[in-house]
Amino acid sequence: MSQVEEKKIVTDTTGQDGEFMLEPVPMSKRRSTRSQIMVWIGFGYAVTGLIVGGTLGGYGNSGGLPPMQAFWAIFLGMGSLFLITSFLGIAAQKTGLNLSLLSRYSYGSKGFVVPMIVMALLTLGWFASILGMIGDIWGAFIGNPSGIIVFDPVKFGFEGIAPITLEVFLLCIIWGAVFTFTAIKGMGAIEKIADICAPLIMIVAIVVGVIFVTQSGGVSTFLNKASTLGGLGLGNGITAVVGSWIAGAVMGVDLFRFNKNVKAVFWCAASCFIFTNPILNVVGYIGAVHIGEYNYVIWMLGVNLLVALLGVFVWTTALWTTDNSELYCNALYTGPSLDAFGIHVSRKKLVAVCGILGTLLGALAFYQLFFADFINVLGSMAPPLCAPILADYFVIGKRKNKKYSTELLNKHPAVRWAGVVSFAIGAILGYVFQYIVPLPYGLPAGLFAMVVSFIIYILIYNLTPDARIDDKMVKEI
């Protein structure tokens, strides 16, 4: 690529902020492997890792899994996520395209809006949920000195849900504004936050996990206690692990496009799904078994003021990077989708709108009311979303040389039916297998549905106009 071409690409046509919402990232603008790894470590430190670990440990009357089954649920679930995000990452790194632009090759110039709407809703939901998690911890730390209740879910039929106090409401608004501001600044701001917070985050999590095991009487005593768990089932355990992170695995495309080489893709994916999040799964599991609570920060609040302050600080800064990424990626889904229909909005404005909406949802108990259902549906229906992208890039794209040339980026048909149909079938099957007709042998619904979607795409590709259109487009290059 010439310097003239690169200079042209740097200008983002909807924002001119160098975040490449509608264009591939040129190699000259790729970022160092170290900085990207730190982003992924911070990104990987999400409270869902603790929640899922707690579920495996019997929290919330889930029944849980004994230690060896819990290990396999984490290993197979995180291993699947590592592979999914790595292969998506290879496609992103090779093309420099974000998820929206990459999806055009398998869903069409307007058909890609279908998966992007799904991802936009998922990232909005995650942003609101994470903000609610932060509000909960600050609320437990500060209490309710004002005595004012802003929203009481019980009055609306939601029994057992704690009211949203004025303190929690205001803190959600404040932190939502902070997260929105840093997300507007872009990838550079996310990297700086991750550089500072990531090492401390991991140290605290590991130390607390060791303390819990020691307090329980040692490894043998802990394992004996955990061995009494059962009832969740290995397949449901794997689905819970995958559901906690499938949105993040797909979102990885928007981060991987800044990598300089494929080796960096694997290191970044490993830093999240092998070195970071599994640790949180284990710590959440240990906490649920030992004290009946997956969130170790709750325990830290009761030790002393200094430890409580450390816990609140680590919790907030850890989730800062994650929430930044949710907003950053949300704009990369909504922006190109609107652009496909002639509506041009800058990335910064989209981040601001999503940040305001997500902040209001987070402050008004989205996490407390809907998170459990949100993550379960996510785990069963979202994995098939990436199947058409993987099938098209690694199977169809290998057969048709130059199919992924950037010259074809804006020449795709409105709808590529192989992608839309295979995703729709996979999403429906994922829901059916999770909630209506469970799969035999405890197989995980979402992953099984993704495999089915992958196969369907390959089988029907040549039966749709997509194959003929691709042949014609490639010949014209």
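**Reading helices, buried polar residues and a pocket**

Guide: Helix H13 is followed by glycine 292, whose phi is positive, near 75°, a value that, like everything we discuss here, comes from a predicted model.

Visitor: How many residues does H13 have, and what span is expected at 1.5 Å a residue?

Guide: Helix H13, covering residues 277–291, has 15 residues, and from its first C-alpha to its last it reaches 21 Å, close to the 21 Å expected at 1.5 Å a residue.

Visitor: Why is H13 described as largely enclosed by the rest of the structure?

Guide: Residues count as buried when their relative accessible area is under 20%, and because twelve of the 15 residues of H13 are buried, the helix is largely enclosed by the rest of the structure. Among them are Asn277, Asn281 and His290, together with Val283, Ile286 and Val289. In H7, the buried residues include Glu167, Trp175, Phe179 and Thr180.

Visitor: Which residues does serine 100 contact, leaving aside its neighbours within four places in sequence?

Guide: Serine 100 lies in helix H5, residues 99–107, and is buried, with a relative accessible area of 0%. Its contacts beyond those neighbours are Phe112, Met116, Leu332, Tyr333 and Pro336, and the side chain of serine 100 reaches the backbone oxygen of leucine 332 at 2.5 Å.

Visitor: Is aspartate 392 buried or exposed, and what is its relative accessible area?

Guide: Aspartate 392, found in helix H18, residues 387–399, is buried, with a relative accessible area of 0%. A polar contact of 2.7 Å joins its side chain to that of lysine 403, and, not counting residues up to four places away in sequence, aspartate 392 also touches Tyr105, Ser106, Gly397, Tyr404, Tyr457 and Tyr461.

Visitor: What is the volume of the largest pocket, and how many residues line it?

Guide: Rolling a probe the size of a water molecule over the atoms shows where empty space is left. Here the largest pocket has a volume of about 1,100 Å³ and is lined by 40 residues, of which Ile51, Tyr59, Tyr294, Tyr367 and Phe371 lie nearest its centre. The elements giving two or more residues to this lining are helices H3, H6, H10, H17 and H19.

Visitor: Which helix gives the most to that lining, and how do the lining residues divide?

Guide: H17 gives the most, with ten residues, while the lining of the largest pocket divides into 24 nonpolar, 13 polar and three charged residues.

How values were computed. Residues numbered from 1 in each chain as written. Predicted model: local features only at pLDDT ≥ 70, side-chain atom pairs only at ≥ 80, totals over all residues. Heavy atoms only, no water. 1 Å grid on protein atoms, 1.4 Å probe; cavity = no way out; pocket = protein on both sides within 12 Å on 5 of 7 lines; lining within 4 Å. Points joined across faces, edges and corners; volume = space filled by probe spheres on them. Helix = DSSP H or I, 4+ residues; strand = E, 2+ residues; numbered from the N terminus. Nonpolar A, V, L, I, M, F, W, Y, C, P; charged D, E, K, R; others polar. Buried < 20%, exposed > 50% of the residue type's maximum accessible area, 1.4 Å probe, protein only. Polar contact = N/O pair within 3.5 Å; in protein donor to acceptor, adjacent residues only side chain to side chain. Contact = heavy atoms within 4.5 Å. Expected span 1.5 Å × (residues − 1).
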